[in-house]
Amino acid sequence: MAYELTRTERIHYKRLQDAAFQAGEEAVTNLKTALALAGLTLPSLCNDGPVAGHGFVRLGGCNAAFANQLAEIITAGAGARARSLQSQP
């Protein structure tokens, strides 16, 4: 016999799923905004819904040139961030 969730457990689970979905939506928006600042677009970027209680973002496929551009931008941003953290007292 399968365990049936209580009403309270179902409500709690739904809230967790809703929060995970919202986290995915926010992550997609943040990433789209960051990519736009770099002049890049991932057309298949989307929220894939909650997975195991966490937001899940589907990045989709891209060609090698796009992947190399993205890697270059991430590397530059990571370097700038590291320099910024080193200069803080």
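Author: Welcome! One term before we start: helices here are DSSP runs of H or I with at least four residues, numbered from the N terminus. N30, for example, has its place in helix α1. Keep in mind that this is a predicted model.

Reader: Thanks! Is N30 buried or exposed?

Author: N30 counts as exposed, because its relative accessible area is 53% and the cut-off for exposed is over 50%.

Reader: Okay, let's go inside. Which residues are in the largest nonpolar core?

Author: There are six of them: V28, L35, L40, L42, L45 and F66. As a general point, nonpolar side chains in soluble globular proteins tend to be buried together.

Reader: Tell me about L40. Where does L40 lie?

Author: L40 sits in the loop between α1 and β1. L40 is classed as buried because its relative accessibility is 6%.

Reader: What does L40 touch, not counting residues up to four places away in sequence?

Author: With those set aside, L40 touches L35, F66, Q69, L70 and I73. Take F66: L40 and F66 are 26 residues apart in sequence, yet 8.0 Å apart in space from C-alpha to C-alpha.

Reader: Nice. And what is V28 in contact with, leaving aside its neighbours within four places in sequence?

Author: V28 is in contact with L45, C46, N47 and V57.

Reader: Why is N47 called buried?

Author: Because the relative accessible area of N47 is 15%, and buried means under 20%.

Reader: So what does the side chain of N47 reach at 3.0 Å?

Author: At that distance the N47 side chain reaches the backbone oxygen of F21. Leaving aside neighbours within four places in sequence, N47 is in contact with F21, G24, E25, V28 and F56.

Reader: F21 again! How far is F21 from V51, C-alpha to C-alpha?

Author: The C-alpha atoms of V51 and F21 are 8.8 Å apart, and the two residues are 30 residues apart along the chain. V51 is also found in strand β1, and V51 is partly exposed, with a relative accessible area of 41%.

Reader: New topic: how much space lies in the largest pocket?

Author: About 160 Å³.

Reader: Which residues line the largest pocket?

Author: The lining is made of L31, A34, L35, A38, L42, L59, G60, C62, F66, L70, I73 and I74. By class, that is eleven nonpolar residues, one polar and no charged ones.

Reader: Which element gives the most to the lining of the largest pocket?

Author: That is α2, with four residues. Both α1 (7–37) and α2 (64–87) supply at least two residues each.

Reader: Last one: which residue has a positive phi although it is not a glycine?

Author: A52 does, with a phi of about 55 degrees. In general, most residues other than glycine have a negative phi.

Reader: Where is the place of A52?

Author: A52 is in the loop between β1 and β2 (54–58). A52 is exposed as well, with a relative accessible area of 74%.

Technical notes
Residues are numbered from 1 along each chain as its sequence is written. This is a predicted model: local features need pLDDT of at least 70, side-chain atom pairs count only at pLDDT 80 or more; totals for chains, interfaces and linings use all residues. Side-chain values use heavy atoms; hydrogens and water are left out. A nonpolar core is a set of buried Ala, Val, Leu, Ile, Met, Phe, Trp, Tyr and Cys residues joined through side-chain atoms within 4.5 Å. Buried means under 20% relative accessible area, exposed over 50%, partly exposed in between (1.4 Å probe, protein chains only). Contact means heavy atoms within 4.5 Å. A polar contact is a pair of N or O atoms within 3.5 Å; within protein, one must be able to donate a hydrogen and the other to accept it, and residues adjacent in sequence count only if both atoms are side-chain atoms. On a 1 Å grid over the protein atoms alone, a cavity is a set of points where a 1.4 Å probe fits but cannot get out, and a pocket is an open set with protein on both sides within 12 Å along at least five of seven lines; lining residues have an atom within 4 Å of a point. Grid points are joined across faces, edges and corners, and a volume is the space filled by probe spheres set on the points. Ala, Val, Leu, Ile, Met, Phe, Trp, Tyr, Cys and Pro count as nonpolar, Asp, Glu, Lys and Arg as charged, and the others, Gly among them, as polar.
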